[in-house]
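Please keep the sequence and the 3D view at hand while reading.

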Amino acid sequence: MDSPTAGLSLYPMHRSKTIHLVRHAQGFHNVAGEKDHNAYLSYDLLDAQLTPLGWNQVDNLHKHVQACGLSKKIDLVIVSPLLRTMQTAVGVFGGGTYTDGINAPPLMVANAGNSERPAITSLNCPPFIAVELCREHLGVHPCDKRRSISEYWPLFPAIDFSLIENDDDILWTPDVREKNEEVAARGLKFLNWLWTRKEKEIAIVSHSGFLYHTLSAFGNDCHPTVKSEMCTHFANCELRSMVLIDRSSIGANSSATNYPGKIPSGLDLPSDVAEEKHPEKGATK
């Protein structure tokens with residue numbers, strides 16, 4: 001006989017985070033690669049930017065996160081430091097059009113990456129942090145090689161690049177492509193790091209390969225439908241919301257909503273416990 005809780009899991013809320021995973025919108029490398037896979041080897045696609053269709057996808061997802069109220073819930077946006085992911089992140093989770101005189105730096109300046117897009121304000125937005133752990137497969141494909149941080153910073157002034165140790169990209173190599181299992185291991189390292197953040201609701205803007213291989217490590221104890229919801233490849237500019245759970249008691253944070261009770265203290269034994277201690281009183285109940 002199945003357990004009455006079969007298929008269900010229950011965890012203390014303070015041992016969880018809500019994460020909103022987004023794959024970048026369509027980039028020029030996606031278009032070229034679909035026509036000819038060898039195009040991924042072209043240096044013409046180095047750090048590829050979004051296509052006009054990609055920006056249309058960004059605008060539609062921005063409208064969605066505004067309409068469903070998600071934009072007001074997010075405490076932090078983490079983004080892979082490549083042009084297409086940063087354009088997607090600021091377009092989806094950023095504010096409106098930036099105008100001079102606003103007392104906040106823009107998330108993106110006008111025409112960043114030859115986008116022909118207006119500047120985007122950081123006003124009333126969560127903080128944005130660039131993190132190298134959530135980059136795409138490293139190596140061989142120039143579209144996955146980033147530019148120097150000193151080139152990015154003037155284009156995205158309100159993105160925090162302080163966690164990136166090297167100005168130049170020392171992770172990408174022209175002759176060795178990162179293996180799938182290495183991407184998965186890096187993804188787990190990223191999630192473990194993510195757990196150390198104090199923020200509870202976090203958006204992550206990353207890449208198809210990184211998201212797929214990271215998530216494929218999970219869901220093997222779930223129904224196949226749930227596994228599929230988690231681990232299928234992301235479409236361009238697709239968003240999936242998930243809950244990250246600490247099952248190993250590594251979390252140091254205490255609950256902000258739990259309440260210890262018995263304040264002020266006093267007798268509040270449940271009736272069955274009281275009956276065991278005072279059977280003579282239970283008999284006359």
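A residue counts as buried under 20% relative accessible area, as exposed over 50%, and as partly exposed in between. The model discussed here is predicted.

Asn 60 is a case for that definition. Asn 60 is part of helix α2. Its C-alpha atom is 9.9 Å from that of Gly 91, a residue 31 positions away along the chain.

**Helix α2**

Helix α2 runs over residues 52-67, which makes 16 residues.

Which residues of α2 are buried? They are Gly 54, Trp 55, Val 58, Leu 61, His 62 and Val 65. These residues lie on the same side of α2, because the arc they cover around the axis is only 120°. Pro 52, Lys 63 and Ala 67, on the other side of α2, are exposed. The cover over the buried residues of α2 includes the elements β1 (16-23), α3 (83-93), β3 (106-108) and β8 (239-245). After α2 comes Gly 69, which has a positive phi near 85°.

**The contact with α3**

One of the elements covering α2 is α3. The axes of these two helices, α2 and α3, come within 7 Å and cross at roughly 35°. The crossing of α2 and α3 is right-handed. On the α2 side, the contact is made by Trp 55, Val 58, Leu 61, His 62 and Val 65, and on the α3 side by Gln 87, Thr 88, Gly 91, Val 92 and Phe 93. By type, the residues in the contact of α2 with α3 are six nonpolar and four polar, with no charged residue. Gly 91 of α3, named above for its distance to Asn 60, is among the contact residues.

**Helix α1**

Helix α1 covers residues 28-35, and His 29, Asn 30 and Gly 33 are buried in it. Seen down the axis of α1, these fall within an arc of 100°, so they line one face of the helix. The buried residues of α1 pack against β1 and α3.

| Helix | Buried residues | Arc |
|---|---|---|
| α1 (residues 28-35) | His 29, Asn 30, Gly 33 | 100° |

Conventions
Residues are numbered from 1 along each chain as its sequence is written. This is a predicted model: local features need pLDDT of at least 70, side-chain atom pairs count only at pLDDT 80 or more; totals for chains, interfaces and linings use all residues. Side-chain values use heavy atoms; hydrogens and water are left out. Helices (H or I, at least four residues) and strands (E, at least two) are DSSP runs, numbered from the N terminus. The expected span of a helix is 1.5 Å times one less than its number of residues. Buried means under 20% relative accessible area, exposed over 50%, partly exposed in between (1.4 Å probe, protein chains only). The arc is that of the directions from the helix axis to the C-beta atoms. Contact means heavy atoms within 4.5 Å. Axes are lines fitted to C-alpha atoms, for helices over the stretch in contact, and angles run from 0 to 180 degrees between N-to-C directions. A crossing is left-handed if the near helix is turned anticlockwise from the far one by less than a right angle, and right-handed if clockwise. Ala, Val, Leu, Ile, Met, Phe, Trp, Tyr, Cys and Pro count as nonpolar, Asp, Glu, Lys and Arg as charged, and the others, Gly among them, as polar.
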